[in-house]
Amino acid sequence: MEEFVIEGGVPLNGEVTPSGNKNAALPLLAACLLTDEPIVMHNVPQIRDVLAMRKLIESLGTEVEELDQHTWRLITRELTASHLDPELCRRIRASILIAGPVLARAGGLKLPPPGGDVIGRRRLDTHILALRALGADITYNRVFDIKGSQLHGADILLDEASVTATENAVMAAVLAKGETTIRNAASEPHVQELCNFLNALGAKIEGIGSNALHITGVPRLHGGEYTIGPDLLEVVSYIGAAVVTHGTILIRNAGVKHLEMVGQVFHRLGVHWEVQGNDILVPASQSLSVISDLDGAVPEIKTNVWPAFPTDLTSIAITMATQISGSVLFHDWMFSGRMYFTDKLVGMGARIILCDPYRCLIQGPTPLYGEKLESPDIRAGMAMLLAALAANGTSKIRNIVQIERGYEKVDEKLIKLGAKIKREVE
């Protein structure tokens, strides 16, 4: 097993370019199953979750040709909805995303339960309700048996604004007969990317970016070409790296238009950046002081559905807060296991009170010290990597495969910024 060995306390300086958006790449690759014509996909991130999705769609008949390191040509001439490898499905949560497109094009499949990060219960009921509304017959006995040769449009009110359930419903609806309305739809940037991509292939989706999508079904989709946008979560991770190491980092192609809410939240932590076109400059000079609410109340940073502060950034923001003056309460009501990594930060010297599985109170700043750590999931792993970069002394992070599920060549990018980080075999 490989691990990262980090010598902390070094300010990071320079420029970095984020990879393609992981959370967009996964549904986009699944959507390629909807057409028998070729698709050229640019800016594909070379990360473990994306490579696992590639194996999944290849097992269904997709041919993938690498035109260069980040450009793939994909074509699914014949879709074979055979039994999928359960172990491969367990590697990534996004394996559930093949349900919609395979149902729409092939009339059904048998799908083993998906895997992914262990951060609390992640229900699949919303997917089932949406696909059933479109005419699917779904049973579950340790494997999802999904059938539906005649999908039809429907008025769907999702019982929660689930990103992947919205994506599955959209992919099934674009080839369904008639009109579909999806209300309480997720509207995250990666959902918008999927809808724009499908429209480029001939789908008819309106209301993109809102919580009400209207879809007119079409008989078939054609091929096309698409460039995946930058990964917002990676961008914010490098903002965090600049903050906790007191360095200056220029982030190229940062997807500025999607950073507005993050900017508002980070402003409350005394963090700012300069916008330069589609790049952002995070300067070393930051106030790094919590701005209290009215009457001096401790501010609460609470996650919510887009365009509010996203749950996936909670871990990064918590690590940043350990280096910021003042008290702040974090509240992530979405996942009961999101906060559990904070005991590792406490072991490094952070002052954190875990109020319950969903809330923690942080009092900063505190010096952090090198420690032996293990990455439990993608985002907590990156948060601990940031803590190690800020810490005095040497840290070791095991199970770095979790970090590499979502971050491409993270050690190489950090080394170019001046980080002292080595990859070793235990």
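Modeller: Start with strand 6 and strand 8 (residues 144–147), which pair in the antiparallel sense over four bridges. Two strands count as paired if DSSP finds at least two bridges between them. Strands (E, at least two residues) and helices (H or I, at least four residues) are DSSP runs, numbered from the N terminus.

Before we go on, a word on what you are looking at. This is a predicted model, where local features need pLDDT of at least 70 and side-chain atom pairs count only at pLDDT 80 or more, while totals for chains, interfaces and linings use all residues. Residues are numbered from 1 along each chain as its sequence is written, and side-chain values use heavy atoms, with hydrogens and water left out.

Now widen the view to the whole sheet: three strands, open, in the order 6-8-7, with antiparallel pairing. Strand 6 (108–111) and strand 7 (137–140) are the edge strands, each pairing on one side only. Ignoring direction, neighbouring strands here are turned by 10° against each other on average. Helix 4 (residues 99–106) packs on this sheet and touches strand 6 and strand 8, and its direction makes about 145° with that of strand 6. Touching, or contact, means heavy atoms within 4.5 Å. The angles run from 0 to 180 degrees between N-to-C directions, with axes fitted as lines to C-alpha atoms, for helices over the stretch in contact.

Four strands form an open sheet in the order 9-10-12-11, and the pairing is mixed. Inside it, strand 10 (residues 179–183) and strand 12 (residues 212–216) pair in the antiparallel sense over five bridges, and Glu179 stands opposite Thr216 in strand 12.

Side chains make links too. The structure holds 24 salt bridges, each a side-chain nitrogen of Lys or Arg within 4 Å of a carboxyl oxygen of Asp or Glu. In one of them, the side chains of Glu66 and Arg54 meet at 2.7 Å, N to O. Glu66 belongs to strand 4 (residues 63–68) and Arg54 to helix 2 (residues 48–59), so this pair ties together parts 12 residues apart in sequence.

The loops hold some details of the backbone. Asn43, in the loop between strand 3 (39–42) and helix 2, has phi near 60°, a positive value in a residue other than glycine. A cis peptide bond joins Trp306 and Pro307, with omega about 15°; Pro307 sits in the loop between strand 17 (300–302) and helix 10 (314–321). The peptide bond from Gly364 to Pro365 is also cis, with omega near 0°, and Pro365 lies in the loop between strand 20 (359–364) and strand 21 (372–374).
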